[in-house]
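Q: I am about to read a structure for the first time. Please show me how to approach its features one at a time.

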Amino acid sequence: MADLKQFAEQLVNLTVKEVNDLATILKDEYGIEPAAAAVVVSGGGGDAGAAEEAQTEFNVILKEAGASKLAVVKLVKELTGLGLKEAKDVVDSAPSSVKEGVSKEEAEGLKKALEEAGAVVELK
């Protein structure tokens, strides 16, 4: 049981780039489509209306960097664990996802920090 808990903790702490790499490995080497795997893990097509009412995971979307682009790039780098180039790419490609599947509290904290740096942020 401790091994599973440790594995779950490792999954939760993956960066966006690492999640993308994992999805590629699952697809290319094992033939598993990550979206299909999520449906299997979640138990299939339950009541979607109930899931929408009690949203527990949020995506932090950078709409635009604002006037202080360098500060936003540095903050994205710090918040996501990405390298400088990857963080710059996220900011340059706005609107883009900064973090996905985070709790409401974490999403609001990220939004507040990014807005203080001058960015325009949206939570979905």
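The dialogue below treats confidence, strand pairing and helix packing in turn.

Q: Where is confidence lowest, and where is it highest in the chain?
A: The model is predicted, and where pLDDT is low, the predicted coordinates should not be read in detail. Here the chain has an average pLDDT of 76, and 82% of the residues reach at least 70. Helix α3 (residues 34-42) has the lowest confidence, with a mean of 48, while helix α6 (residues 84-92) has the highest, at 85. The pLDDT is below 50 over residues 36-46, a stretch with two contacts in the model beyond near neighbours in sequence.

Q: In which sense do strands β1 and β2 pair, and over how many bridges?
A: Strand β1 (residues 58-64) is antiparallel to strand β2 (residues 96-102), with four bridges between them. Strand β1 also runs antiparallel to strand β3 (residues 120-123), again through four bridges. Ile 61 illustrates both pairings: its bridge partner in β2 is Ser 97, and its bridge partner in β3 is Glu 122.

Q: At what angle do helices α5 and α6 pack?
A: Helix α5 (residues 69-80) meets α6 at an angle of about 120°, and their axes lie 8 Å apart. The two helices are therefore oblique to each other, and their crossing is right-handed.

Q: Which residues of α5 and α6 meet?
A: From α5 come Lys 69, Val 72, Val 73, Val 76 and Lys 77; they meet residues of α6 including Leu 84, Ala 87 and Val 91. Seven residues of this contact are nonpolar and four are charged, with no polar ones.

How values were computed
Residues are numbered from 1 along each chain as its sequence is written. This is a predicted model: local features need pLDDT of at least 70, side-chain atom pairs count only at pLDDT 80 or more; totals for chains, interfaces and linings use all residues. Side-chain values use heavy atoms; hydrogens and water are left out. Two strands pair if DSSP finds at least two bridges between them. pLDDT is the predictor's confidence in each residue, from 0 to 100. Contact means heavy atoms within 4.5 Å. Axes are lines fitted to C-alpha atoms, for helices over the stretch in contact, and angles run from 0 to 180 degrees between N-to-C directions. Angles under 35 degrees count as roughly parallel, over 145 as roughly antiparallel, 65 to 115 as roughly perpendicular and the rest as oblique. A crossing is left-handed if the near helix is turned anticlockwise from the far one by less than a right angle, and right-handed if clockwise. Ala, Val, Leu, Ile, Met, Phe, Trp, Tyr, Cys and Pro count as nonpolar, Asp, Glu, Lys and Arg as charged, and the others, Gly among them, as polar.
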